[in-house]
Amino acid sequence: MPNIFSMGDGAVTIDLGNQLSESLNGKVLAMYQWLQQHPFEGLKDIITAYSSLTIIYDPYFLKTHYQPANTVFEWVQERIITAYHQSGPQVSGTPVKHRIPVHYGGENGADLASLAREKQLTPAEVISIHTGKLYRVYMIGFLPGFSYMAEVDERIALPRKEKPVPVTAGSVGIAGSQTGIYPFNSPGGWNIIGRTAVPMFNAQAQNPVLLKAGDEVEFYNANS
Amino acid sequence: MSLSIIKPGLLDTIQDMGRYGYSSWGINPGGVMDGYAARVANMLVGNDPGEAVMEIHFPGAHILFEQNALISITGADFTPTLNEDEPVSTWRPIVVRRNTLLHFPKWQSGSRCYLAVHGGFCVPRWLNSYSTNLKAGAGGFHGRKLDKGDELPFKENSIYFAGLLKETREYQPLNWRVDTGRTYHLPHEILFTIGNEWPQLTHSSQRDMLENNFTIHPFSDRMGYQLRGVPLKRQHTTELVSSGVSFGTIQLLPDGQLILLMADHQTTGGYPRIGHVISSQLPKLAQLRPSDSIQFSMVDMPTAEELLFSQEHELNIIQRACYDHLNQLVC
């Protein structure tokens, strides 16, 4: 059985293994889908991450509504265990695929040259490796619509910077084996290799966030 | 029906009880820092507890009521003053006549106060909530803090309260107020339940956490409180992949210091979760200020839940009492 623990008196997390794994992430998203199809009253929100899922709930509502014999925490824990057992190994349906144009290098990608040097590659090789792969969106977090995608080829994987610096909206970065796109101007520690003009976030849209966990992303060089 | 901002404050925003249901898109709940004070502010003026309120930091805005209004001010005490020179008490309904000016000349206690108007503020909902998300620039009043010249219309009134004003008075505090007794009692003692990574702390660091005081650093804001205290150590430094966090989560930073996540926290994080401040303690935590100190005490889950249930029960009683009082007055 995976690790299930409380995050205070209003949240429960199920952790399937604390690692970046397509199958664990697939199970997380399957549980998310199952819970959306089988919600319980008093469930306020669900946070999906790499290998964990967190339920935010209203303890007082659950207490008065369902009158659990023990703590509300134990009651929600039971719902998570049910979701774990009832959900399949991954979400049904084919993933949504996005092709995203990126302007690499120069002022759009201030860290491309240094990343290339560090990895003993030419900037063109870094671009070709980055665009040569289909990435899975594992999770959205940090900022509205900020995508954590993986896995970057180890030839261009580079740890995040020691200190965050100002990053422009649309910037495409690399941190370890992850790649992602900043939806807003924000402080950030990822190595910025390019920028896309495709908006990641639009508050006015019915669906304000472009990328969702479980989607697939392919980058292509907008300059070529 | 509206009020207007004559002079902007440091950080005044429209908030409600938070935007839930969008965390998996990275959109955090946000909402008021002090959910107890905000809900009571609404109850005092006959609103649904989840109506939009104005969250005001010190120095607060100068606000002109352009129409008669039934208002309440709760939470922090910034000595709310009507028409330049007449202080009014907090946690009480007040009828104000058109052209009354509200300002907050002096800080007295707490960190955030809440202004509710009968009917509520007429702002559009974004993703089912009135809360201002400053990062996304959406929600609340045009997704930003309130500024000079902003006009906030009120929703329609259901209570005819202008009759409560005596002809000679420009405002009239009503004759009851809420006693917040237990909620803000022992402000520096903060109860928490242990987090998943608590066992990773060395035994001496676990003791240090419970026996020492931690000071709130000036860099603290609506996203989180940075604490300064004896550095805590983990027995081993296993890397964590990012996972969910919530309002009240106590995280351990790589330098051994703690950070307490508040209303505008990110949805996910990768730092160890040492503990979680329990819900019933969040209101008083929200009213602490930089340089205030915190003494952590550990409680178990049944205790955490009981404390919350009794606080919610108290809020139910307040809501019924407010409803009855208002009804008697207007009928």
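Predicted model: local features only at pLDDT ≥ 70, side-chain atom pairs only at ≥ 80, totals over all residues.
Student: What percentage of the residues in chain B is buried?

Tutor: Of the 331 residues in chain B, 60% are buried (under 20% relative accessible area; exposed is over 50%, partly exposed in between; 1.4 Å probe, protein chains only).

Student: Why does the radius of gyration of chain B agree with a compact globule?

Tutor: Because a compact globule of 331 residues would have a radius near 20 Å, and chain B has 21 Å. The radius is taken over C-alpha atoms, and the rule is 2.2 Å times the number of residues to the power 0.38. Along its principal axes, the C-alpha trace of chain B spans about 70 × 35 × 35 Å.

Student: How many helices and strands does chain B have?

Tutor: Chain B has four helices and 21 strands. These are DSSP runs numbered from the N terminus (helices H or I, at least four residues; strands E, at least two).

Student: In what order do the seven strands of chain B close into a barrel?

Tutor: Strands of a sheet pair through backbone hydrogen bonds, either parallel or antiparallel. Here pairing requires at least two DSSP bridges between two strands. In chain B the order is 13-20-17-18-15-14-21, with mixed pairing. The twist averages 40° from one strand to the next (axes are lines fitted to C-alpha atoms, for helices over the stretch in contact; angles run from 0 to 180 degrees between N-to-C directions). Strands 17 (249-252) and 18 (258-261) of chain B are antiparallel over three bridges, and B:I250 has B:L260 as its bridge partner in strand 18.

Student: Which strands of chain B does helix 2 lie across?

Tutor: Helix 2 (203-211) of chain B lies across strands 13, 14, 17, 18, 20 and 21, running at about 120° to strand 21.

Student: In what order do the strands of chain A close into a barrel?

Tutor: The seven strands of chain A run 5-12-9-10-7-6-13, again with mixed pairing. Strands 5 (97-104) and 13 (216-221) of chain A pair in parallel over six bridges, with A:R99 opposite A:E218.

How values were computed. Residues numbered from 1 in each chain as written. Chains lettered and ligands numbered in written order. Heavy atoms only, no water. Contact = heavy atoms within 4.5 Å.
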